[in-house]
Amino acid sequence: MNNLCRSVSKLPAHPAFRIATGKRLFATQTVRRQSTSTESKEKIVIPARIERGPTDILNALSSTVGYDPTAPHYKYHDDPYLMPMSNVGKKTFAMAQEAGRKAARWIRQENAKLFRHQEADPPIPAFAPTMVYTEESQVEETDLRRLIENVEVQDAILVYNLLKKNNIEVGQELKQSLLELVCFFNHEESLEEEYIEERWFRQGVTEKGRQRKTWKDFELAEQLFHEVEEKRPEHYCVLIRGMAKYYQVEKAWALYQETIEKKVLLDTTTFNSLLQIASFLKESYDMRWDLVCEVLTTMKNQGLRPNVGTLNAVLQTITTIGGYNHPRSYALKTLAEFKKLGVEPSLASWYYMLAIFCRERGPTSHILHDIMNEIEGKEFGIVDPKDTFFFVTAMDVCRNHLHDKDLAKRVNKLLHHKDNYNLIGDSYKESIYYRHFFMVLCSTEPLETFMETYHLLVPNVYIPEPSVIEEILKSIDVNCAIEHVPLLWSHMIQFDHTNRENLLLLLLQIMITNPPKTPDLVQKFTAIAWDMYTRLEEQSALAGTRNQKSSVALSGALLGDILLLVCRGREEFEKAQTIFEKLNTEQNSIVGDPKVEAMRSFIQFCIDERKPSLAIGALQYCAENGFPESAELGRNIVRSLTLDEVHLGKIKRLVGAEVLKPVEEVAK
């Protein structure tokens, strides 16, 4: 049949078919001409051009798929063998990619002569090597303007000094732009925007040391300011903002006083920067509040309207005021006053309110409920740098201040509403946020309900810290949910938590005090105990080669618990023997003794396997270490095994002749 169809398809078309086809084609062309003539009479309206960002198409495609927390982040390869499974691994993986891009740019920059080909038409400046300036470079004013536009701080300073050295005049507007550049970045290079991962992983670390003076005195910023003969308000504004940003508070306040004397009008942003450093200018709490009121009065007299930055600056100063009643009163008055002015609070405003009302040793406050009623279901953008502190602080309040799981879920829902997750901040804040979230759920929810959240977020969204794993293990112990132990142990291996002695002891204690009822779980516990032993041995050997101390000490109690679990398996006698020999041969260096239950289980295991020599060796270990139950253990060996005279004599020497008597005589 197939051959027949192929043969028919090769036959020439019938003349009637060609004529009919030609008529249809002619008719179609006629209709098209008519429709074209009709459309030419209509007015063509070209829609207005819509500005598109570089990632708009990707966002549109992503919206069709939705968010999947169980999937790894796009920056990691979709390969289970290459997926990082620890916080250190994630950081190393992402930073390695970024380091590769930096290395490629460095090679291109250092060997610019080898990369003369055009990679794009029209040329893309980012693909081309950057200009290298030296003390001998011939520069013009346009070079300085280009460097300022590209935010190249060090090169801009060098080129300006070259222009000044060569007596080339620089316009006042360009000087103002340079002054703004060096004041904003404090004469240092900024991290380029394309290095997203470095910003993500380092921002939380750098924020810890920002409450100290880092302003560079007597550098180009102050020189440019003093070179201006007729200083305008913008010159004062820029320098005051820069000094306040980098905590040169004395000079910033002195410049402000100079503007008051000379009746120079400042802008709202400059007043906001002065309000932010009020706590550094005055020591007593009353004087700080008086200073805030003074600055706000000056703003009013100059006809300036406050904005959300003003609100946040005032609230930030209130957070530094001690006590409970006064800060709360000041905060509520400030919020009410700005509400009358039509100023909408940002997330940073609510962060400051939480910091004021929910202090660690203060009375309990439920202000977070009121805040959530105000902002729930809304989408937020970055208005203030401190906006990224709200979610982590709110979750901290839910856990430590209120212990409220329902409120924690409301905060988490708001975080994942639309694009609000962009305000999580950085990797450090994200980790703390989920730590608080897991802790409050683990302590307040049923374990099975909590494990649903655990499976949803671990490990692609969040990798629990050792303290979180410890709380989960305690919850498993309380609920006797030992079926989750194998999963937790596998995650401890993935997350590099096997060097935490407290976690290992807790895990062993759970497996010992909650004997499994199914043979499968018994064997899993035995495998976990042996795996733990081998890993500890590897860590100890590695530390010995480096002349370091192992992070986990192989104590007698730890080895005894492992021995007890291995003996319960009743299938791996060689492994149990290995652990006992470790205890026996290194008992002078091992701190502490195993529990008697471990030795009793091992001796019984030796009896079951008909190993009298090993059983007597274990009895000798117990007798030498002063176990009160040594006689009982020796009697069990004598009663359960057929022993020769040598074995009986050894037992007699270890625990006495009483164990050799029949049970009836001992009872008498």
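These legends go with a set of close-up views of one predicted model.

Residues are numbered from 1 along each chain as its sequence is written, and side-chain values use heavy atoms, with hydrogens and water left out. Since the model is predicted, local features need pLDDT of at least 70 and side-chain atom pairs count only at pLDDT 80 or more, while totals for chains, interfaces and linings use all residues.

**View 1. A salt bridge joins Glu-376 and Arg-410.**
A salt bridge here is a side-chain nitrogen of Lys or Arg within 4 Å of a carboxyl oxygen of Asp or Glu, and by that rule the count comes to 27. For Glu-376 and Arg-410 the N to O distance is 2.8 Å. Glu-376 sits in the loop between helix H18 (367-375) and helix H19 (390-402), and Arg-410 in helix H20 (residues 405-415), so the pair ties together parts that are 34 residues apart in sequence. Helices are DSSP runs (H or I, at least four residues), numbered from the N terminus. Both ends are partly exposed: Glu-376 has a relative accessible area of 36% and Arg-410 comes in at 22%. For these labels, buried means under 20% relative accessible area, exposed over 50%, and partly exposed in between (1.4 Å probe, protein chains only).

**View 2. Glu-465 and Arg-435 form another salt bridge.**
This one has an N to O distance of 3.7 Å. It links distant parts of the chain, 30 residues apart: Glu-465 is in the loop between helix H22 (447-457) and helix H23 (466-479), and Arg-435 is in helix H21 (residues 427-444). Glu-465 is buried, at 11% relative accessible area, whereas Arg-435 is partly exposed at 27%.

**View 3. Glu-572 pairs with Lys-575.**
Their side chains meet in a salt bridge at 3.9 Å, N to O. Glu-572 is partly exposed at 28% relative accessibility, and Lys-575 is partly exposed with a relative accessible area of 25%. Elsewhere, salt bridges that share partners join Lys-213, Asp-217, Glu-222 and Lys-251 into one network.

**View 4. Gln-248 is tucked into a loop as a buried residue.**
The loop in question runs between helix H10 (233-245) and helix H11 (249-262). Leaving aside residues up to four places away in sequence, Gln-248 touches Lys-213, Trp-215, Asp-217 and Met-243. Contact means heavy atoms within 4.5 Å. Two of these partners, Lys-213 and Asp-217, also belong to the salt-bridge network.

**View 5. Helices H27 and H29 pack against each other.**
H27 (residues 556-569) and H29 (residues 596-608) meet at an angle of about 35°, and their axes are 8 Å apart. Axes are lines fitted to C-alpha atoms, for helices over the stretch in contact, and angles run from 0 to 180 degrees between N-to-C directions. The crossing is left-handed, meaning the near helix is turned anticlockwise from the far one by less than a right angle. On the H27 side, Gly-560, Leu-563, Leu-564, Val-566 and Cys-567 make the contact. H29 contributes Glu-597, Ala-598, Met-599, Ser-601, Phe-602 and Phe-605.

**View 6. Helix H17 is mostly covered.**
Ten of the eleven residues in H17 (residues 347-357) are buried. Among them are Trp-350, Tyr-351, Tyr-352, Met-353 and Phe-357. The buried residues of H17 pack against helix H15 (308-319), helix H16 (325-340), H18 and H19.

Pro-459 lies in the loop between H22 and H23.

**View 7. His-403 and Lys-418 have positive phi without being glycines.**
His-403 has phi near 55° and lies in the loop between H19 and H20. His-403 counts as exposed, at 55% relative accessibility. For Lys-418, phi is about 50°. Lys-418 lies in the loop between H20 and H21 and is exposed at 60% relative accessibility.

Methods: Helix = DSSP H or I, 4+ residues; strand = E, 2+ residues; numbered from the N terminus.
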